[in-house]
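Have the model open while you read.

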Amino acid sequence: MSYLFCAWLLLLVLGLVGVASNPAPYFAALGLVVVAGAGCAVLAGCGASFLALVLFLIYLGGMLVVFAYSAALAAEPHPEGWWDASVLEYVAFYLLGVVVAAGYFGGDWYNYLLPAVGSSKEFFVLSEDIGGVGVMYSTGGSLLVICASVLLLSLFVVLEVVRGMSRGTLRAV
């Protein structure tokens, strides 16, 4: 399980490097989806499976809006990919920064940051994060509805912006 957890952490870091180093918004949106999936897998590995599910659904809704913006505003016929020379320089720089930071701040981070969820899980009746479900729907329900309506409104705004030459606002760009 620890190998899988380290693989998810590595995918999270590589996705963040892909988002930070890519000038084309198509690939940056793909990198954000990879980062969201890997981050939610890390949360699920720490025992917060419901929180991971809710965050993944919210991230996917947000990524839909981000991808619609990036597809609308980036009209490049041949965008720069991850294997172009200019992008590879940024990738190498960011990976070097990650290695230096891991060497400086590394050490025994895994001894006290990651909880031992699997050690006593057979004694639990419910999952560790299931207590937040009642709180989210009782006191946080109105905020949940507000966030969902803002996401829906932003999706309609994107669709209105990219509608076309007839009434779209940013087609002259």
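## Aromatic rings

Rings of Phe, Tyr and Trp (for Trp, its six-membered ring) pair if their centres lie within 6.5 Å; planes under 30 degrees apart count as stacked, over 60 as edge-to-face and the rest as tilted. With that rule, a search of the whole structure turns up 2 aromatic pairs. In Tyr90 and Tyr94 the ring centres are 6.4 Å apart and the planes sit at 20 degrees, so that pair is stacked. Both tyrosines, Tyr90 and Tyr94, belong to helix H4 and are 4 residues apart, about one turn of the helix. Phe93 and Tyr94 have ring centres 5.7 Å apart and planes at 55 degrees, so this pair is tilted. Together, the ring pairs link Tyr90, Phe93 and Tyr94 into a cluster.

How exposed are they? Buried means under 20% relative accessible area, exposed over 50%, and partly exposed in between (1.4 Å probe, protein chains only). Phe93 is exposed at 56%, while Tyr90 at 46% and Tyr94 at 30% count as partly exposed.

## About the model

This is a predicted model: local features need pLDDT of at least 70, side-chain atom pairs count only at pLDDT 80 or more, and totals for chains, interfaces and linings use all residues. Residues are numbered from 1 along each chain as its sequence is written, and side-chain values use heavy atoms, with hydrogens and water left out.

## H1 against H4

Helices (H or I, at least four residues) are DSSP runs, numbered from the N terminus. The axes (lines fitted to C-alpha atoms over the stretch in contact, with angles from 0 to 180 degrees between N-to-C directions) of H1 (residues 2-21) and H4 (residues 85-105) come within 9 Å and cross at roughly 135 degrees. That makes H1 oblique to H4; angles under 35 degrees count as roughly parallel, over 145 as roughly antiparallel, 65 to 115 as roughly perpendicular and the rest as oblique.

Contact means heavy atoms within 4.5 Å. On the H1 side, Val13, Leu14, Val17, Ala20 and Ser21 meet a set in H4 that includes Tyr90 and Tyr94.

## H1 against H2

H1 also packs on helix H2 (residues 25-45), at an angle of about 155 degrees and with the axes 8 Å apart. H1 and H2 are therefore roughly antiparallel. Among the residues that meet here are Phe5, Trp8 and Gly15 in H1, and Ala28, Gly31 and Gly45 in H2.

Conventions: Helix = DSSP H or I, 4+ residues; strand = E, 2+ residues; numbered from the N terminus.
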